[in-house]
Amino acid sequence: MKNRFKINPILKKEMVVGSRSMKMSWAIMAVSGILTSMVVFVLLITGVTSSYGGGYNYQSLVVLFPVLGCTECGLLSLMVPVITSGSISGERERQTLDIMLTTPISPFSIVLGKLWSAMMIVMMYMIASIPVMAIAFILGGLSWWNLLGLFVMLLYLGIYVGSVGIFCSSIVKKSIAATILTIVIGIGIIIGTALIYYIGYISVNAYYMSTGNASINDYLGPIPVFLFNPYSPIFDFMVRAISNSSIYDIVVSANSGALFSVIYRFWIPISMGINLLISYGFLKMAAARINGKVKRR
Amino acid sequence: MLVIENLTKRYGKFLAVDNLNLHIEKGEIFGFVGPNGAGKTTTMKIVCGLLDATSGNVTIDGVDALKNSDDIKRKVGYVPDFFGVYDNLKTMEYMEFFGSMYGMSKEDVDEIADGLLELVNLSDKKDVFVDTLSRGMKQRLCVARALIHNPDLLVLDEPNSGLDPRARFEMKEVLKNLGAMGKTIIISSHILPELSEMCTSIGIMDKGHLITSGHVDEIMNESGGNSKIHIRIADMHGTEKSQPDKTEMTDSIDLEADDNAAAKQEKLKEDTYSRDKDRIQTLLMEQPNVTKVKFTEDEIIVSFNGDEKASATLLKNIIGLGINVSAFYKEKEDLESLFLEITDGGADE
Ligand SMILES: Nc1ncnc2c1ncn2[C@@H]1O[C@H](COP(=O)(O)OP(=O)(O)OP(=O)(O)O)[C@@H](O)[C@H]1O
Ligand SMILES: [Mg+2]
């Protein structure tokens, strides 16, 4: 009772359990394997194309960064739902949740413990990918800040997807259903934001057709809806990393208003902030769901 | 210690617990009895803070259990009817995990867990993976786990289900020890004779109602107004007390070996028997506290709702009436038949 700071008991337990199960090692090995083959693939492609120009163009290896980065994000988006989907439903299936709920630990701490456990695996996954990533960085001439930035992005994405996964795990009975639901929600958010943008675009266009006057700004008006796409800051980050431009540069040329210009300039922190808040909301909802006092049927 | 007042729980429209009132004193071992679906688990979950009540009050040690569920959780240990354990976790780690949920340090948990595992007879299983333990061991481990934070009230939902006789015995010993340690314990069970052995008081529940509760002896004595008295009457089929001369007569007829007469005699015998039966029935039914009279092969079973004194009076009366009582005993009613009777109104009809 001396130190107030205590490691979340669930995280502690999951680490003990996790270290004993082989699942994680397999996942990490699979990930390293996939990344390595990506590198080989890119080297081959760039090798072939550059050989026409005579001599190997190392600068073209810069594409390794978005390719590997996107691969890592994609794998993470599939891996985290699998890891987290059993977090609550698994406890229910195993009938261990009720016991946990008779202890003073709060449902939100349970949820956080589950999230941190998933994040531990995400971090191991990132560490395992360092050697492969390093090749891209050294050969492609990118700065270590970019690698650090990518890791921040991966952590952020892990938290987002993990929160959705834990939420899904708290509302459905079967873990497998939770995995699928998480992925469906993810795709739904991506398609949903695109759809809203498209509807906005169409209505501006219709306005233009009927009145004959709509500025380019009107057309760009719906773009901020993509702030709600959790991948948009990663996209912006990638663009910034390899091309020295950004969503800001792309859009600001249109001379948009002051508010929009701030949004575009700080797209990454704003979007990450929004999405982390949404994650928090998902975690809160998950906590409310497992509270048990909520009507359980 | 535990006071439940007007507790009602609805699942949607379904009334699972209906206006339940219960007082359990400190140090009592309270047996919660009732058929499937009676509402025992529901009540226990509410007490443990796992479910919200629809209405009513629950106080533990004067603390409102429905409002201060955090305080309550430190006072209560719960062993659910069904539960699982984690894979890849050892017994001692399992205890440490739950200890840490109560904010206990590893050292504290280790010290307490040692004692608890000893209590539940699992000291030799400290380094075994919990999912490899037998069912009975898991059950006992769960009891030890429920005690890790030294709760005042222990709530056990059917801790004996699925255990073999040996494991049940061991569980019973564990619970008796805990009772001796001064813990207040609530146990629900279907294994009623065992409850009567270890509980200080019991409550019988059916369809959400508490039908009766009180000390085991009281309940056994009152037994909801339905104890049974078995009465044997000397040679009920043959000898007729009302016609003492007839016996000799019969003998003399027999000597003549007249078939016709024998048949006649048989008929007479039967007639007197059924006449007698009616007479005895009427006489018995006239007695105070007698609710029902039933004839079996060789006994009369009287449903009786009086106490010891009243049954003595009954015996005196029927002897006084000239009935030749050869045996008179009160069925030693165990909880099992009491339970069946109370929860299934008139099962022996
Ligand atoms: N989550 C729920 N939703 C709807 N009805 C429920 C729920 N839980 C229990 N019930 C109903 O409430 C009633 C009481 O159930 P409860 O589990 O408390 O009974 P019990 O006395 O513990 O029975 P058993 O001896 O079988 O364990 C049952 O009729 C049951 O169908
Ligand atoms: Mg039950």
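1. The pair B:Glu170 and B:Arg140 forms a salt bridge, with the closest N and O atoms 3.3 Å apart; the term stands here for a side-chain nitrogen of Lys or Arg within 4 Å of a carboxyl oxygen of Asp or Glu. B:Glu170 lies in helix H6 (residues 165-180) of chain B and B:Arg140 in helix H5 (residues 135-146) of chain B, so the pair ties together parts that are 30 residues apart in sequence. Helices (H or I, at least four residues) and strands (E, at least two) are DSSP runs, numbered from the N terminus. The relative accessible area is 18% for B:Glu170, which is buried, and 7% for B:Arg140, which is buried as well. Here buried means under 20% relative accessible area, exposed means over 50%, and partly exposed means in between, with a 1.4 Å probe and protein chains only.

2. The model is predicted, and local features need pLDDT of at least 70, side-chain atom pairs count only at pLDDT 80 or more, and totals for chains, interfaces and linings use all residues. Residues are numbered from 1 along each chain as its sequence is written, chains are lettered from A and ligands numbered from 1 in the order in which they are written, and side-chain values use heavy atoms, with hydrogens and water left out.

3. Not counting residues up to four places away in sequence, B:Arg140 touches B:Val120, B:Asn121, B:Leu122, B:Glu170 and B:Met171, where contact means heavy atoms within 4.5 Å.

4. Another salt bridge in chain B brings together the side chains of B:Glu96 and B:Lys106, at 3.5 Å from N to O. Because B:Glu96 lies in helix H3 (residues 91-101) of chain B and B:Lys106 in helix H4 (residues 106-119) of chain B, the pair ties together parts that are 10 residues apart in sequence. B:Glu96 counts as buried at 18% relative accessibility, whereas B:Lys106 is partly exposed, with a relative accessible area of 48%.

5. In chain A, a salt bridge joins A:Glu14 to A:Lys13, with 3.2 Å between the closest N and O atoms. A:Glu14 counts as partly exposed at 25% relative accessibility, while A:Lys13 counts as buried at 5%. Over all chains, the count by this rule comes to 16 salt bridges.

6. On the side of chain A that touches chain B, helix H1 (9-20) and helix H4 (97-101) of chain A each supply at least two residues, and H1(A) gives the most, with seven residues. By class, this side of chain A has 10 nonpolar, six polar and nine charged residues; Ala, Val, Leu, Ile, Met, Phe, Trp, Tyr, Cys and Pro count as nonpolar, Asp, Glu, Lys and Arg as charged, and the others, Gly among them, as polar.

7. In the interface as a whole, 25 residues of chain A are in contact with 33 residues of chain B. The area buried between chain A and chain B is about 2,700 Å², of which carbon and sulfur atoms give 60%; buried area is the accessible area (1.4 Å probe) that two parts lose on being put together, summed over both.

8. Chain B contains 12 helices and 14 strands, and of its 349 residues 49% count as buried. Among contacts in chain B between residues at least 6 apart in sequence, 66% join residues at least 24 apart.

9. Two backbone angles deserve a remark, given that most residues other than glycine have a negative phi. B:Asn19, although not a glycine, has a positive phi of about 50°; B:Asn19 is placed in strand S2 (residues 14-24) of chain B and is partly exposed, with a relative accessible area of 42%. B:Asp61, also not a glycine, has a positive phi of about 55°; B:Asp61 is found in the loop between strand S4 (55-60) and strand S5 (63-64) of chain B and is partly exposed at 38%.
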